[in-house]
Amino acid sequence: MEIKKLVAHIPARAGSKRVKSKNLRMLCGKPMIAYAIECAKACPEIDEVYVNTDCPKIAALAEECGVKVFERDPELASDTATGDDFTIDIMDRLNLDTLMMISPVCPLVTPADVSAAIAAYRANEDADALITCGETSMQVAMEGKFVNIDPVGPLKPSQDNPKIQTCNWAVPIWNTAAFRKNYEGFKGGYCGTNRMLYPIDPLRSVKVSYEEDFKMVETLLTARAANAEAAAASYWEE
């Protein structure tokens, strides 16, 4: 898909029900949202970066980090406002043709992940949305019914099963014309029409939703720093 100008926004409202002020919560010495800001700034393909917020503290941090602030209407930061609502708002007010989101609650995503997603979106002539996801060939069930296997008969090796994608929304990209058409039709644009699901490493797309997630992400960040260079594989020998 052609991109005339690529704008990235990092949505971060003041209210947070499950973890209080999680975007400003310190994570290995930085506010969590700083990871998304640094990631966006490190991607040369991105033309402009905005933090989309209603919170003065988050806005001040964004400016200190050297990115722009998009002042969100407080009504679009309420518990009833949807992601579709505040996304179409920034698309329309900035008159964009393409918008990507870098999720502040996925602080392990790297600039390389973002750049690869942009390249994949550009290479797909038909896509109007890219949605980052995880993949699994493990046996998956929904409401007690298997999705990707037939439970009647021998259990096949998991690698022979159809892959299931789980959307993590770490780095979605949207064509705004398609988003707007869907939003006008049914108040939704996030999923696109001609969507492409783009898998990224599950260790880099961990989402912080609950208190225990902070502990897991801190552990992974610490391990990343300690293992900047991956060791060669080794095996036990008798």
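Student: Is Ala 40 buried or exposed?
Tutor: Ala 40 counts as buried because its relative accessibility is 1%. Buried means under 20% relative accessible area, exposed means over 50%, and partly exposed lies in between, with a 1.4 Å probe and protein chains only.

Student: What kind of model is this, and how are residues numbered?
Tutor: This is a predicted model, in which local features need pLDDT of at least 70 and side-chain atom pairs count only at pLDDT 80 or more, whereas totals for chains, interfaces and linings use all residues. Residues are numbered from 1 along each chain as its sequence is written, and side-chain values use heavy atoms, with hydrogens and water left out.

Student: Back to Ala 40. Where is it found, and what is it in contact with?
Tutor: Ala 40 is found in helix 1, residues 32-41. Apart from neighbours within four places in sequence, Ala 40 is in contact with Ile 10, Ile 46, Val 49 and Ile 102. Contact here means heavy atoms within 4.5 Å.

Student: And how far is Ala 40 from Gln 159?
Tutor: The two are 119 residues apart in sequence, and their C-alpha atoms are 35 Å apart in space.

Student: Let us step back. How many helices and strands are there?
Tutor: The chain has six helices and 12 strands. Helices (H or I, at least four residues) and strands (E, at least two) are DSSP runs, numbered from the N terminus.

Student: How does the radius of gyration compare with the globule rule?
Tutor: The radius of gyration is 19 Å, close to the 18 Å that the rule gives for 238 residues, so the chain is as compact as a globular protein of that length. The radius is taken over C-alpha atoms, and the rule is 2.2 Å times the number of residues to the power 0.38. Along its principal axes, the C-alpha trace spans about 60 × 45 × 35 Å.

Student: What share of the contacts link residues 24 or more positions apart?
Tutor: Such pairs account for 72% of the contacts with a separation of 6 or more.

Student: Now strand 1. Why is it described as largely enclosed?
Tutor: Six of the six residues of strand 1, residues 6-11, are buried, so the strand is largely enclosed by the rest of the structure.

Student: Which way do its side chains point?
Tutor: Leu 6, Ala 8 and Ile 10 point one way from strand 1, while Val 7, His 9 and Pro 11 point the other way. In a regular strand the side chains alternate between the two faces of the sheet.

Student: Which strands pair with strand 1?
Tutor: Strand 1 pairs in the parallel sense with strand 6 (residues 98-101) over four bridges, and with strand 4 (residues 48-53), also in the parallel sense, over five bridges. Two strands pair if DSSP finds at least two bridges between them. Val 7 has Leu 99 as its bridge partner in strand 6, and Val 7 stands opposite Glu 48 in strand 4.

Student: What about strand 7: is it mostly covered or mostly open?
Tutor: Strand 7, residues 129-136, is mostly covered, with six of its eight residues buried. Five bridges join strand 7 to strand 12 (residues 195-199) in a parallel arrangement, including the pairing of Ile 131 with Leu 197. Strand 7 also pairs in the antiparallel sense with strand 10 (residues 164-167) over four bridges, where Glu 135 stands opposite Gln 165. With strand 11 (residues 173-175), the pairing is antiparallel over two bridges, and Ala 129 stands opposite Trp 174.

Student: One more topic. What is the phi of Asn 95 and of Trp 169?
Tutor: Phi of Asn 95 is near 55°, a positive value in a residue other than glycine. Phi of Trp 169 is also near 55°. Asn 95 lies in the loop between helix 3 (83-94) and strand 6, and Trp 169 in the loop between strand 10 and strand 11.

Student: How accessible are these two residues?
Tutor: Asn 95 counts as exposed at 69% relative accessibility, whereas Trp 169 is partly exposed, with a relative accessible area of 21%.
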